[in-house]
Each structure stands twice: as C-alpha cells, then as structure tokens.
Amino acid sequence: MDAIDAEAVIVGAGFSGIGMAIQLRKRGVESILLLERASDVGGIWRDNVYPGCACDIPSMLYSFSFETSTEWTRLFPRQTEIWDYLRTCIDKYDLRKQLRLNHDLTEARYDDATSRWHLRMADGTSLVTRMLILAMGALNRPVVPDIPGLEHFTGERFHSSSWDPAADLRGKNVAVVGTGASGIQIIPEIAPQVKRLTVFQRTPAWVTPRLDRPVSPGERWRRGHLPGYAWLQRRLIYWLLELRGYGFVINPAMLRVTERVVLKFLEKQVADLKLRGKLIPSYRMGCKRVLLSDDYYPTFARDNVELVTEPIAEFREGSIVTKDGRAYPIDAVVFATGFDATDGVGSARIAGRGGAELAQEWKDGMAAYLGTSVAKFPNMFLIIGPNTGLGHNSMIEMMEAQYRFVCAAFDLMERGRLRAIDVKPQAQEEFNARLQERLKRTVWSSGCRSWYLDKSGKNTTLWPGFTYAFRKLTRRPQPEDFELIR
Ligand SMILES: Cc1cc2nc3c(=O)[nH]c(=O)nc-3n(C[C@H](O)[C@H](O)[C@H](O)COP(=O)(O)OP(=O)(O)OC[C@H]3O[C@@H](n4cnc5c(N)ncnc54)[C@H](O)[C@@H]3O)c2cc1C
C-alpha cells in the first residue's frame, strides 16, 4: 500500500479551507496539508482588492463561530479586515506548518486498489492522501463578456477581481460594465476620482439600505468583556437574516411588500424620474442577489456620472459603442461582470472510482449529496459544493455544517475501520430530485436570468432552505446512504 503524505489534504486556503483545517486539528487529525495555489491565504478576500470591496453580512456573523473576533471596526467588514482575520486564524491555530502555498492542484486520481488519492500539482510535484477535501471556492472564475472589438480596445481593462492597485484612474474616462454586487461597491468609490464615469447596466438590481457604521470602542469593549454579549449579537443577526429566507424559499409573493419599501428608498435617493425608471428592476426581488448600499443611487446625481442602459454593441480603440450608435470615449474599463459559479472545480482534473471523471459526471450540471459528497469519488468532500450557496445568510453557516459532516465521516471510518466511504448513487439522485423539486417553488425560479443558474437554466448553486435545516441534515453521514469500503 502506498505511503501517505497526509491523512487529509485540503485544497484551497480561503475561508472554507482554513476553517476545515482548524476543525480537523481540533478533532485530533494532525496529519493534514492545506494546499493553496496562490502565494498567500485568503481566497476571494485576498483577490478582490477593488475600491469599496466589503462583505454584505455583518462582521459578527461573517466569521467563524469558534473564532468570534471582538475587534471588528465596522458593522460590515471591509476586504482588508476580513483578509487580516483569515491570516490571523492561520497563525493563531498554528497552521503555517501544514500550509503549502504555490501548490496548484491540477489532477487528483483515486486508486481503487489502495483507496488513496494521488494528487499532482502544476509544478509536477505529487502527494498521496486518504481524504481529499476540495475547498476551491465557487466565485473565483471571472466572467468577461464576449463583446465584439474588445481586442482592439487600447485602454486599461481589468475584471473587478483582478483590480490593479497601481492603476490610476484619476482624471480618466472610465467605464464600469455591470451593476451587480461588485459594481455597486466600486461605482461610488471611484466616481469622485475619475473625470467621467459611464456605467453600463444590463439589468438593474434590487438595492436595499446598508446602514453600515463604525463599531464604537464601547461596543467592542462590551463584546470582549460582557459574558454572552458577542454570542447574543451573533445569534440575533443570524435569526434576522434567517427570516429573510422565508420570502426566498417559502413564500416569494410575500416579497412584494419588501419591494414596495425598497422602491420608496429608491424614490428618496433618486429624484430624477427618468433615471429612477432605469433603476427599477422588472423581476421579483431576490431572484438575483439582493444588494446593499447607501451611496450607490446618490452617485448617479453627480455631474460626471452617466447610467447607460442601451446594450453595448462593440469596443473600439478608445471607446465603447452602444447599439443605438452612440460612442462613449473611454480610457479604462472595469468589468464588474461576476463569476462562473456553475463550472465545478475549474480546470483541475478529478478522477474517481474506475477512472470516473468529475467533469464528465457533471456534464449536465453539478450535483452532490448534501453539497458535500459525490458518488464514485470516495473519501472526497466538497466544502461549498453544489447547492450550498445562500441568498439570505452567511456562507460561514454552511461551511461549519460541512466541517461537522467531514469530521463525522472521519469518525465513521475510524469506528468501522473503513478504508473509505462512497455515497450511493441512489442516495445522491434522490437527494437531488427532492432538492430540484423544492427549488422550483423558490424565488430563484421566478423567471430571471442569474448566475445562480447554469447554461441549461438549472439551479446548481443555491440551497433551497434555511441554514438550520442544512445543519440538521449534515449532522453526520447516514451509514445506509454510503457504501462502506473495508
Ligand atoms: C466580492 C465577493 C463578495 C462576497 N461577499 C459575500 C458576503 O457578503 N457574504 C457571504 O456569505 N459570502 C460572500 N461572498 C461569497 C464568498 O465566496 C464566500 O463567503 C467565501 O469567502 C468563499 O470561501 P471559499 O474558501 O469557499 O472560496 P475562495 O475564497 O474562493 O477560496 C478558494 C481558495 O482555493 C484556491 N484554489 C482554487 N483552485 C485551486 C487549486 N486547483 N489548487 C490550489 N488551490 C486552489 C483559491 O486560490 C482560493 O484561495 C462573496 C464573494 C465575492 C467574490
């Protein structure tokens, strides 16, 4: 039998992978490796350095329940603060020894004879492990629309997730293409610096008040010193956000009431009727991600900002031309056009039992059992796998549920002296049939086109329920749903 380099290899040192490493070590699994293709940890919070990048979930909830920092300086944490938090976790939990930076997994192959996973990196190095945990993230494969003439454009251009901190936009004619979650954070930040900002919008978003504020020293003191204060705050925020899920997954019609409130907010912030008309969404609230901002709408009142809703026809050397023939002189363009969340695990080749290829298994859309296990891929676990995304609450809730599941799978294997466990295809199919049936009744199936859906229109990204329900289902693997490989 091949010697193993680690009991468990976790691929990806973003939020998911870091938390998984901490939990496995807490559970007593010391033999782990945490691989990361970049030269630092942090995942999307390392990469998204665009102006204004921040979280839409209050800091007290967008952090591990077992590591609730009391030091957050704002209600909604900014990118730098979250990235710092993650690096602090690495040091506090002494994970540097397990961390392998610049390790880009290109291939993972399960050996049926030995029940081991053989991993290969881009630089040709290899590793052998018993458990393979993929925490490679869903929102790190940028999408740039295929617009005619882009290759002729001579100005600067970048995607929001690869913002060039050295780029100087001052005094330039800048275009932002896209008005989703990143776009609405970038636009108010750069508008005062640039000469002219042209915002190209395909679909308006539902934008609700953000009400961000600094956390006062007094509050930080209470969080750190009053027993139960921080815990109570976290629970309160959790339940308030969990309530939002009711409209998304149980009764989308109820969202009409919220829509009216949000339209009042728009009315208050945008006086110009023509402009307001362009900003009113024509789909049910929640069908696409609901956004939070206090300064996005007021930015359009600036003299140097223009909202363009006419579709882009082409790029030229120094301009963008819309379908109505109007040319906008542009020196730099920012694509705030999001990510492909439905593309599985990117370019890494994953081969399971009998050489089954994950890309082939997922050719009709990603699917897993509880978003965590995939039939024919024994001892492989996904953190934030298919249908574990949320529209209403913190992703950390889902990750932590999956950590428990993986640790329980470890226990199951140890107790039963198993070599591996493999979810039964039937259990996976039944789970997904129920899940897809449920998704049909949610707001995400109310007719809009969103990044939650794959090319065929199937929702392979979101969890159609409350997070506590997911937590209950993932408490431990049900042995009858798994083939136990001895
Ligand atoms: C701009 C932005 C804002 C967001 N805001 C929120 C929010 O407000 N609330 C919320 O709940 N969620 C938010 N999210 C979702 C966010 O993706 C998750 O909350 C969470 O951070 C994901 O962590 P992750 O570790 O699963 O993925 P990632 O952060 O993507 O980390 C994955 C890591 O795996 C590494 N990796 C990938 N492939 C390989 C490979 N082949 N080999 C080695 N390493 C590899 C990557 O380099 C990366 O470091 C946001 C996402 C973005 C992009």
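I began at the ligand: a backbone N or O atom of I44 lies 2.8 Å from one of the ligand's oxygen atoms. I note that this is a predicted model.

For F15, a backbone N or O atom is 3.1 Å from a ligand oxygen atom. For W45, an N or O atom of the side chain lies 3.3 Å from an oxygen atom of the ligand. I then checked the cover: on its own the ligand has 990 Å² of accessible area, and the protein covers 94% of that.

Which residues come nearest to the ligand? I found S16, E36, I44, D56 and Y62, out of 31 residues around the ligand.

I sorted the shell by helix. At least two residues each come from α1 (15-26), α2 (44-47) and α11 (395-415). With three residues, α2 gives the largest share.

Next I turned to a sheet. It is open and has three strands in the order β13-β14-β15, paired antiparallel. I list β13 (312-316) and β15 (327-329) as the edge strands, since each pairs on one side only. On average, neighbouring strands here are turned by 20° against each other, direction ignored. Between β13 and β14 I find four bridges in the antiparallel sense. E314 has V321 of β14 as its bridge partner.

My last entry is on S319, in strand β14 (residues 319-322). Is S319 buried or exposed? I put S319 down as buried, because its relative accessibility is 12% and the cut-off for buried is under 20%. Leaving out residues up to four places away in sequence, I see S319 touch F153, E314, Y328, P329 and I330.

Technical notes:
Residues numbered from 1 in each chain as written. Predicted model: local features only at pLDDT ≥ 70, side-chain atom pairs only at ≥ 80, totals over all residues. Heavy atoms only, no water. Buried < 20%, exposed > 50% of the residue type's maximum accessible area, 1.4 Å probe, protein only. Contact = heavy atoms within 4.5 Å. Pairing = 2+ DSSP bridges. Axes fitted to C-alpha atoms, helices over the stretch in contact; angles between N-to-C directions. Near = heavy atom within 4 Å. Polar contact = N/O pair within 3.5 Å; in protein donor to acceptor, adjacent residues only side chain to side chain. Areas by Shrake-Rupley, 256 points an atom, 1.4 Å probe, with all protein chains shown as cover.
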